[in-house]
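Here is a short briefing for a first look at the structure below. Keep the sequence and the 3D view at hand while reading.

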Amino acid sequence: MQILIPILLIGFGLVCIFYIRPKLQDSVTEIKYLQTKTINELVGMFQQMEENGLSNDYREFVELKGSVLSDKLLETPFSNRKVAYCESNLVQVTESREQYRDSNGNFQTRMVKHENTISNEKTSQEIQLIDGSCETSVVLEINGTGCKFDIPKTFDRFEPKANLNSYHYFNSFSWNRYGAETLGFRMKEKTIEANQNLYVIGEAFKVGNTIHIGKPQDTKKPFIVTTKSEEDLINHSNQNAIFSLIGGILAIVVGAVMLFI
């Protein structure tokens with residue numbers, strides 16, 4: 001066991017330096033040098049491919065900047081705001097008595113809090129992107145595999161059970177189901193606002209007459225949908241690459257010291 005921990009630390013450090021860091025750097029390079037396309041250019045490209053009989057098989061890795069098409073807004077379950085997209089999470093917070101043995105071998109009692117996820121829901125409607133270059137929108141396959149979907153947390157609140165009557169979401173709740181030990185609930189929402197700007201990198205392809213953006217067939221290429229700007233995304237990836245290098249070096253040094261002392 002004594003030799004296992006330093007070996008694991010050294011192995012972790014090598015992974016950070018030679019795998020995670022290069023992967024982050026490749027992602028930054030991909031973002032930096034990929035030229036932004038307009039949806040109008042994308043439409044023209046597919047029309048040209050269709051004339052050549054290649055529309056159904058044609059795919060292209062693209063960078064798009066635009067905003068969410070917000071014709072139909074939805075109401076968030078907890079904050080009751082109108083948004084284009086919402087992921088909500090409801091966590092039950094309980095408290096129970098727990099016995100434990102103290103350092104003298106005596107049994108003691110303490111109160112322990114627990115959290116249990118009750119629901120985790122996502123908006124089912126499609127997310128569509130427009131950019132003003134034409135009237136056509138594209139569908140973002142955010143629920144598909146391999147999508148790095150980065151949107152902000154806009155609501156995070158714990159409410160004691162006594163205060164929940166002010167939330168419409170809890171009107172039909174049966175409190176007997178949750179028991180007297182329930183202290184309350186933590187409510188979380190991640191949302192995309194109406195007309196929110198989005199930055200998208202992914203592969204464009206046709207499904208029927210509609211252009212979709214999804215996970216590239218080349219697994220080394222990313223599929224990103226984020227509310228961050230291109231500049232913010234590059235800065236964040238650069239910071240993570242630096243942290244991976246520093247963390248990897250520290251892990252190797254600590255592992256080597258433990259191994260040879």
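Is E193 buried, partly exposed or exposed? E193 has a relative accessibility of 28%, so it counts as partly exposed. The model is predicted.

**Salt bridges**

- The whole structure holds eight salt bridges.
- Side chains of opposite charge can pair when their charged atoms come close.
- One of the bridges joins E193 to R81, with 2.8 Å between the closest N and O atoms.
- This pair links distant parts of the chain, 112 residues apart. E193 sits in the loop between β10 and β11, and R81 in the loop between β2 and β3.
- R81 is partly exposed, because its relative accessibility is 25%.
- R110 and E98 form another salt bridge, and their closest N and O atoms are 3.2 Å apart.
- R110 belongs to strand β5 (residues 107-122) and E98 to strand β4, so this pair ties together parts that are 12 residues apart in sequence.
- R110 has a relative accessible area of 38% and is partly exposed. E98 is partly exposed too, at 29%.
- D156 bridges to K153, with the closest N and O atoms 3.5 Å apart. D156 is partly exposed, with a relative accessible area of 37%.
- A network of salt bridges links K153, D156 and R186.

**Aromatic pairs and cluster**

- There are six aromatic pairs in the structure.
- Y85 and F149 are one of them: their ring centres lie 5.2 Å apart and their planes meet at 85 degrees, so the pair is edge-to-face. The cut-off for that label is over 60 degrees.
- The Y85 and F149 pair links distant parts of the chain, 64 residues apart. Y85 is in strand β4 (residues 85-101), and F149 is in strand β8 (residues 148-150).
- Y85 and F149 are both buried.
- F170 and F185 make a tilted pair, with 5.5 Å from centre to centre and 45 degrees between the planes.
- F170 is in the loop between β9 (153-160) and β10 (182-192), while F185 is in strand β10, so the pair ties together parts that are 15 residues apart in sequence.
- F170 and F185 are both buried.

**Charges over rings**

- R59 lies over the face of F205, 4.3 Å from the ring centre.
- K221 lies over the face of F61, 4.8 Å from the ring centre.

**Positive phi angles**

- N80 is not a glycine, yet it has a positive phi of about 55 degrees.
- N80 is placed in the loop between β2 (74-75) and β3 (82-83). With a relative accessible area of 31%, N80 is partly exposed.
- N195 is not a glycine either, and its phi is positive, at about 60 degrees.
- N195 is placed in the loop between β10 and β11 (197-207).
- Why does N195 count as exposed? Its relative accessibility is 53%, and exposed means over 50%.

**A buried serine**

- S67 is part of strand β1 (residues 60-68).
- S67 counts as buried because its relative accessibility is 16%, and buried means under 20%.
- Leaving aside neighbours within four places in sequence, S67 touches Q128, L129, I130, N195, Q196, N197 and L198.

**Nonpolar surface patch**

- I3, L4, I7, L8, L259 and F260 make a nonpolar surface patch of about 610 Å².
- Two elements give two or more residues to the patch: α1 (4-33) and α3 (230-260).
- Which element gives the largest share of the patch? Helix α1 does, with three residues.
- I7 is found in helix α1. With a relative accessible area of 46%, I7 is partly exposed.

Methods:
Residues numbered from 1 in each chain as written. Predicted model: local features only at pLDDT ≥ 70, side-chain atom pairs only at ≥ 80, totals over all residues. Heavy atoms only, no water. Patch = residues over 30% accessible without salt bridge, like charges linked within 9 Å, V, L, I, M, F, W, Y side chains within 5 Å. Areas by Shrake-Rupley, 256 points an atom, 1.4 Å probe, with all protein chains shown as cover. Salt bridge = Lys/Arg side-chain N within 4 Å of Asp/Glu carboxyl O. Helix = DSSP H or I, 4+ residues; strand = E, 2+ residues; numbered from the N terminus. Buried < 20%, exposed > 50% of the residue type's maximum accessible area, 1.4 Å probe, protein only. Phe/Tyr/Trp six-rings, centres within 6.5 Å; stacked < 30°, edge-to-face > 60°. Lys NZ or Arg CZ within 6 Å of the ring centre and 35° of its normal. Contact = heavy atoms within 4.5 Å.
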